Amino acid sequence: MDALMAALVAAALAQVGDRTAWLAAILSDRYRKPRLVILAAALALLLAGSLAVAGGIAVAPLLTPNARQLMLAVALILQGGGALLPVKAPDPLRGWRTGAIATTMLGLFILAFGDGMQFIVAALALRSAVPMLAAVGATIGSLVVIVPAAMMGEAAWRRWPLARLRTGIGLIFVLLGVILGLSGARLI
């Protein structure tokens, strides 16, 4: 259960002001089918999270418990550092003629693939007895942010103080990462 809750909270925080929710809002406006966009987003994020879990499972036997903790610390610091940078607008995928489901699934999967949250999911999975719970938690946590973004649409979503929220969340990730890193290196 620890991987589920940790991934859920981390993903919910990481998605605030991120391009994934922004793209979901854009696509929801374009297709006027927010529920379909949300379903496609859930499938894309679960797939990306599952790939991260597979990576975590593959690496887990090679790492000591302290190395696993250091990997999570690095993932949190990288996510936090990325959150401190300005967000570039996502490509609105206007040229894509694949329909609401395929465009949303592919577009969000591409954004999620290699994202900092995928690294956090892999790090949580390699520490868990039930690694897949990390992907499930990350998907649910991401949807906590993506659902309102898709339901509100881009204009309403962008009125929120996302940059300030993102900065605060970034600092929290960096602080947690530093504390975990120092603990994993046995310095505290």
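## Terms and basis

On a 1 Å grid laid over the protein atoms alone, a pocket is an open set of points with protein on both sides within 12 Å along at least five of seven lines, a cavity is a set of points where a 1.4 Å probe fits but cannot get out, and lining residues have an atom within 4 Å of a point. Grid points are joined across faces, edges and corners, and a volume is the space filled by probe spheres set on the points.

The model is predicted, with local features needing pLDDT of at least 70 and side-chain atom pairs counting only at pLDDT 80 or more, while totals for chains, interfaces and linings use all residues. Residues are numbered from 1 along each chain as its sequence is written, and side-chain values use heavy atoms, with hydrogens and water left out.

## The second largest pocket

The second largest pocket has a volume of about 200 Å³, and among its 15 lining residues Gly 17, Val 87, Leu 162, Ala 163 and Arg 166 are the closest to its centre. Helix H8 (154-158) and H9 each give two or more residues to this lining, helices being DSSP runs (H or I, at least four residues) numbered from the N terminus. H9 provides the largest share, 4 residues.

## The largest pocket

The largest pocket, with a volume of about 230 Å³, is lined by 15 residues, of which Ala 6, Ala 10, Leu 72, Leu 76 and Leu 124 lie nearest its centre. Two or more lining residues come from each of helix H1 (2-15), helix H4 (65-83), H6 and H9, and the largest share, 6 residues, belongs to H1.

## The cavity

The structure holds 1 cavity of 30 Å³ or more, and the largest cavity has a volume of about 110 Å³. Its lining is made of 13 residues, with Leu 45, Gly 49, Ala 112, Met 117 and Ala 138 nearest the centre. H3, helix H6 (116-125) and helix H7 (132-152) each supply at least two of the lining residues, and H7 gives the largest share, 4 residues.

## Two partly exposed residues

Ile 179 is found in helix H9, and with a relative accessible area of 41% this residue is partly exposed, a class that lies between buried (under 20%) and exposed (over 50%), using a 1.4 Å probe and protein chains only.

Lys 33 sits in the loop between helix H2 (19-31) and helix H3 (34-59), and at 45% relative accessibility Lys 33 also counts as partly exposed. The C-alpha atoms of Lys 33 and Gly 95 are separated by 18 Å, and the two residues are 62 residues apart along the chain.
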